Amino acid sequence: MLALARQFTKYAGVGVVSAIGHYGLLIGLVQGLAVDAVLASTAGAFLGAWINYSLNYRYTFRSNKRHSSTVAKFALIAVVGLVFNAALMWLGTRELQLHYLLSQIITTICVLFWNFAGNRYWTFRH
């Protein structure tokens, strides 16, 4: 159980780095270019996923699997996470009328658990 908690902590730390990219692009697109928040969040999620894969492959899961195997699995988990992200952002900003950043914070927390479980138990499974 301690190993799982330690690995989740590493995953969350990598998530912070990924979130900096995601939120940076989100804010830049919304504030700088007046892009719709859901679309901007989706673009940010793609950037965050690329950062996330790169760091989790080496640091969190210390994978020695071939990228050809792990990238496809990671991409599938990320696409499902991206759909969750877009749906939750739409719900938060359109239906609940939350500020886009508050909606993104709530969304990020929800998607974090899906992505960790999918990547731990499928993408980088030993």
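Trainee: In which helix do Tyr53 and Tyr57 lie, and how many residues apart are they?
Mentor: Both lie in helix H2 (residues 37-60), four residues apart, which is about one turn of the helix. An α-helix has 3.6 residues a turn, so residues three or four places apart point the same way. Before going on, note that this is a predicted model, where local features need pLDDT of at least 70, side-chain atom pairs count only at pLDDT 80 or more, and totals for chains, interfaces and linings use all residues. Residues are numbered from 1 along each chain as its sequence is written, and side-chain values use heavy atoms, with hydrogens and water left out.

Trainee: What makes a stretch a helix here, and how many helices are there in the chain?
Mentor: Helices are DSSP runs of H or I with at least four residues, strands are runs of E with at least two, and both are numbered from the N terminus. By that rule the chain has four helices and zero strands, in the order α-α-α-α from the N terminus.

Trainee: Why is the pair of Tyr53 and Tyr57 called tilted?
Mentor: Rings of Phe, Tyr and Trp (its six-membered ring) pair if their centres lie within 6.5 Å; planes under 30 degrees apart count as stacked, over 60 as edge-to-face and the rest as tilted. The count by this rule is 11 aromatic pairs. For Tyr53 and Tyr57 the centres are 5.7 Å apart and the planes at 40 degrees, so the pair is tilted. Both rings belong to one aromatic cluster, whose members include Phe8, Tyr11 and Phe61.

Trainee: How do you know whether Tyr53 and Tyr57 are buried or exposed?
Mentor: Buried means under 20% relative accessible area, exposed over 50%, and partly exposed in between (1.4 Å probe, protein chains only). Tyr53 has 10%, so Tyr53 is buried. Tyr57 has 5%, so Tyr57 is buried as well. In the chain, buried residues make up 38% of the 126 residues.

Trainee: Is Val83 buried or exposed?
Mentor: Val83, in helix H3 (residues 67-95), has a relative accessible area of 51%, so Val83 is exposed.

Trainee: What does His22 touch?
Mentor: His22 lies in helix H1 (residues 2-33) and is buried, with a relative accessible area of 9%. Contact means heavy atoms within 4.5 Å. Not counting residues up to four places away in sequence, His22 touches Ser41, Gly44, Ala45, Gly48, Asn85 and Gln104. Gln104 is one of the buried residues of helix H4 (residues 100-123), and the buried residues of H4 pack against H1, H2 and H3.

Trainee: What makes the phi of Ala34 worth a remark?
Mentor: Most residues other than glycine have a negative phi. Ala34 is not a glycine, yet its phi is positive, near 55 degrees. Ala34 is in the loop between H1 and H2 and counts as exposed, at 67% relative accessibility. Arg62, also not a glycine, has a positive phi of about 45 degrees. Arg62 is found in the loop between H2 and H3, and at 58% Arg62 is exposed.
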